[in-house]
Amino acid sequence: MERAVERTEVDEVASADVVDGAVGVEETHWYVAVVNNNSERSVAERLMDARMGDAYECYVPTQREKRVWRNGRKKDVDRVLLPAVLFMKCTEKKRKEAVNFGYVKKFMSDHTKGRAGSYPVAIIPDKQMQRFKEMLSKATTPVTIENVRFRLGDAVRVTTGTLAGIEGNIIVDPQGTYIVIAIDSLGFAKVRINQSEVEKIN
């Protein structure tokens, strides 16, 4: 009788959610939240408020640039790369709760999967987010987000300059040569670069 009880307890533990060897720990992912224009940073602050605990990690991609006003005055500002968009890392349960807060309108869907009317919620791989953040932190020329579906070129690694170590794909168009980093469901982040500064990788 005692052996039967022990086996039942083991079966219950085995059937529980197991993530990276931890029982009952729900996995977190990067999601793309759609918010109101000009509210990206305020929404991020609300979600990461101490009262929320550590349920949400938020990222608003910005880049420092110099802006010239009509009166000729110059000022450095942080330009938001994706208006009305906020990257949010949390569990699936917390993602569903966020929609009920009122300041998160919806989450972007992945139109490369599923079918019309039943597309799954888009998930951005951790590695892509890491590369994207690194590109923004190192780039000294404007980074843009391209949602046009184009064919990516060779996989390359930057060998010199402030972007050294960044890996991505290279594209060439009439305006110049760019290194591109894919961001699932959004498109691509790209920055201009000289071909002499990159090397091909497998």
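Predicted model: local features only at pLDDT ≥ 70, side-chain atom pairs only at ≥ 80, totals over all residues.
**View 1. Salt bridges across the model.** The structure holds 13 salt bridges. A salt bridge here is a side-chain nitrogen of Lys or Arg within 4 Å of a carboxyl oxygen of Asp or Glu. Local features need pLDDT of at least 70, side-chain atom pairs count only at pLDDT 80 or more, and totals for chains, interfaces and linings use all residues. Residues are numbered from 1 along each chain as its sequence is written, and side-chain values use heavy atoms, without hydrogens and water.

**View 2. Aspartate 126 with lysine 89.** The closest N and O atoms of this salt bridge are 3.6 Å apart. The pair links distant parts of the chain, 37 residues apart: aspartate 126 lies in helix H4 (residues 126-138), lysine 89 in strand S7 (residues 85-91). Helices (H or I, at least four residues) and strands (E, at least two) are DSSP runs, numbered from the N terminus. Aspartate 126 is partly exposed, at 41% relative accessibility. Buried means under 20% relative accessible area, exposed over 50%, and partly exposed in between (1.4 Å probe, protein chains only).

**View 3. Glutamate 92 with arginine 95.** Their side chains form a salt bridge at 2.8 Å, N to O. Both residues sit in helix H3 (residues 92-98); because they are three residues apart, about one helical turn separates them. Glutamate 92 is partly exposed at 27%, whereas arginine 95 is buried at 9%.

**View 4. Glutamate 92 with lysine 96.** Glutamate 92 also forms a salt bridge with lysine 96, with the closest N and O atoms 4.0 Å apart. The two are four residues apart in helix H3, so about one helical turn lies between them. Lysine 96 is exposed, at 51%.
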